[in-house]
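Student: I'd like to learn how to read a few features in a structure. Could you walk me through one?

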Amino acid sequence: MNDKRLESILDEQRVFPPNPEFAAGARFDAERLAAMQAAAEADHDGYWAGLARELLHWRQPFTQALDASRAPNYRWFADGRLNVSENCLDLHLAERGDKPAILFEGEGGDRRRITYRELTAAVCRFANALRAQGIEAGDRVVIYMPMVPEAVIAMQACARIGAIHSVVFGGFSANSLRERIIDAGARMVITADGGHRGGQIVELKKATDKALADGCDSVETVIVLKRADCGCAMQAGRDIWWADAIEAQPEHCEPLALEAEHPLFLLYTSGSTGKPKGVQHSSAGYLLHARLTAELVFDLRDDDVFWCTADVGWITGHTYVAYGPLAAGATIVMYEGAPTYPDGGRFWSICQKHGVTVFYTAPTAIRALMRLGDDIPAQYDLSKLRLLGTVGEPINPEAWIWYHEVIGKQRCPIVDTWWQTETGGIMISPVPGVTPTKPGSCTKPLPGIAADIVDEDGNSVTEPGHGGYLVIRKPWPSMLRTIWGDNERYQDTYWKKFGGRFYVAGDSAHRDADGYFWIMGRIDDVLNVSGHRLGTMEVESALVAHPRVAEAAVVGRPHEIKGEAIFAFVVPRGPRPAGDEAAALTAELRDWVAEQLGPIAKPDDIRFADNLPKTRSGKIMRRLLRAIARGEEITQDVSTLENPAIIAQLRGEA
Ligand code: PRX
């Protein structure tokens, strides 16, 4: 981390005290929050053990909270047993069996209302179908689905029988899917013929077939949901329709009492180098934090309608669609399609139609909708909204204020929630009704989350405005347990930097005079496009896989809507193209990357050069490239460059 990036350039002074009306009805007040903080500080393990007993239903109680004997592979509540699906479904049946669990809207406008009783029955039938196909506890099942209720049903069904799910975002390509199937050694893929997105049909089964055509020998069965009715090939002996798989299955399936540490799921996320990491989460610790934060941060009550707009392919869609709110007995909204289809009013129309009270989305969506103007949301009745949230990247104060004024009508608190795939749930966030908010700050760590900012030597950075490494000093229940199949990478990535003393998040941050946290970005080279982390390496590998590309380096540059845009510097094979030829190759490479990795990874800019700037050890000079991509002045020493003339090429001047 260079010193420059540690300085904060943002100087946001506005403070928004809690709305007294909201505070009057909120689940948590200042006193209760302070008591939780004090309890966690006095006895960290005891604090979490108390919550685990209060909020989770155990089949076999645990006797020890934290087991640090294999640190940094920490274990929580390890001798206890429970079932996640039972906690999310069965336990609600007596009190709220007829309450809607899911309010679904398809992109085409089709709607479904699924009660807790119906959802439980559907999960049981599908769990029985998985068993009938030979799936047992510990088997990996890849879920590659559109954003429809069956995605949640599949996840919950896996949880019920102890199968480990690995959801792959439906926007990822066949190549990305294949890589994840192979790494996890999945026995089954659950997919759909297609899904609806932006007026198009995304042909998921076709991509699945392409992925399975090459090296996915572990896969025995593919279950296919008919969703888009777009027709697809079915391979005899391997593929089975969802409807046929559940046909003869009973509506009861006894939830398996699993060890607290049984892996609930893997979720692949980008690293700065090499292949994606299979982040492995536990059952009990994960569910505890998912439920706790659903109540603490989103203030969920029985009459709430909670809409987290994230796809189940991302961690946000795991924790705040498929698990947390269901464990809390809430009603959730699920929407299949694009936020701007058929027009920019879709999100607000869904809020109006379904009576959404708590709305959680990403800054990238907020910025995109903000750009469309205030008169679009003005056409909808948003009066039921009482709380707004954001996640995925720092929200710029301008977007925060727009969200606050135009969507929240200055009435709804905003929770800016910092967390990661690895943390399992929200770590740093305001508690609505209690914490005063500042646009752009995720405020303070939740009770029991020992977040800190440290310098290179691991000392706390306390001086306001000075940045450092964001770390977590104590293990917490929903932390990742390891990287699937690569524990060494787990230790290296998250613990090595400070000798195992604390978890290193990989973000830089600073604190202000009030102790508020301000996230500054990723320390490594990972890109954050539209709230999704993408490794530069992956995009580079995809580019280099093209026959016309010799070498490539990818950096991020700020982008008004997406947060970061992808800027690729490419060394072509053969002569450097110019004019129309360069434009044609640019278009071809952009499509190529989209095909290889998914549309999200498509470079926004491509510039051709005869060479890339490298250090003596052969490492690409990324800082230099970043400065060029951003049009900034070059402050680095370029005297060691073999061919200084390439600077002009990289700048697009020659
Ligand atoms: O850099 C931080 C940013 O997103 C990263 C985690 O990305 P991912 O694992 O894909 O999970 C996203 C959804 C939890 C973090 O390391 N990030 C996430 N939330 C915020 C944020 N940056 C600033 N403010 C946030 N609220």
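Tutor: Let's start with a salt bridge: E456 and K497 bring their side chains together in one, at 3.0 Å from N to O. Bear in mind throughout that this is a predicted model.

Student: Where do E456 and K497 sit in the chain?

Tutor: They link distant parts of the chain, 41 residues apart. E456 is in the loop between β21 (451-454) and β22 (467-472), and K497 is in the loop between α17 (487-494) and β24 (503-511).

Student: Is E456 buried, exposed or partly exposed, and what about K497?

Tutor: The idea is to look at relative accessible area: under 20% is buried, over 50% is exposed, and in between is partly exposed. E456 has 43%, so E456 counts as partly exposed. K497 has 42% and therefore also counts as partly exposed. While we're on salt bridges, ones that share partners join E95, R96, K99 and D302 into one network.

Student: How many salt bridges does the count come to?

Tutor: The count comes to 40. One of them pairs E336 with R227, at 2.7 Å from N to O. E336 belongs to the loop between β17 (331-335) and α14 (346-354), while R227 belongs to the loop between β11 (221-225) and β12 (239-241), so the pair ties together parts that are 109 residues apart in sequence.

Student: Are E336 and R227 buried or exposed?

Tutor: Both E336 and R227 are buried. Now try R386 and D304: they form a salt bridge too, with the closest N and O atoms 2.7 Å apart. This pair links distant parts of the chain, 82 residues apart. R386 is in the loop between α15 (363-371) and β19 (387-391), and D304 is in the loop between α12 (284-296) and β16 (305-308).

Student: Why does R386 count as buried?

Tutor: Use the cut-off again: buried means under 20%. R386 has a relative accessibility of 15%, so R386 counts as buried. D304 has 3%, so D304 counts as buried as well.

Student: Which residues meet where α9 and α10 pack?

Tutor: From α9 you have A174, L177, R178 and I181, and they meet A207, T208, K210, A211 and L212 of α10. Sorted by class, the contact has 6 nonpolar, 1 polar and 2 charged residues.

Student: Next, the backbone. What should I have in mind before I look at phi and omega?

Tutor: Most residues other than glycine have a negative phi, and most peptide bonds are trans. With that as background, D229 is worth a look: D229 isn't a glycine, yet has a positive phi of about 55 degrees. D229 lies in the loop between β11 and β12. With a relative accessible area of 61%, D229 is exposed.

Student: What is phi of Q410 near?

Tutor: It is near 60 degrees, again a positive value in a residue other than glycine. Q410 lies in the loop between α16 (397-407) and β20 (414-417), and at 54% relative accessibility Q410 counts as exposed.

Student: Which residues does a cis peptide bond join?

Tutor: P72 is found in the loop between β1 (66-67) and β2 (75-76). Another joins Y341 and P342, where omega is about -5 degrees. P342 lies in the loop between β17 and α14, the loop that also holds E336.

Note on methods
Residues numbered from 1 in each chain as written. Predicted model: local features only at pLDDT ≥ 70, side-chain atom pairs only at ≥ 80, totals over all residues. Heavy atoms only, no water. Contact = heavy atoms within 4.5 Å. Helix = DSSP H or I, 4+ residues; strand = E, 2+ residues; numbered from the N terminus. Nonpolar A, V, L, I, M, F, W, Y, C, P; charged D, E, K, R; others polar. Salt bridge = Lys/Arg side-chain N within 4 Å of Asp/Glu carboxyl O. Buried < 20%, exposed > 50% of the residue type's maximum accessible area, 1.4 Å probe, protein only.
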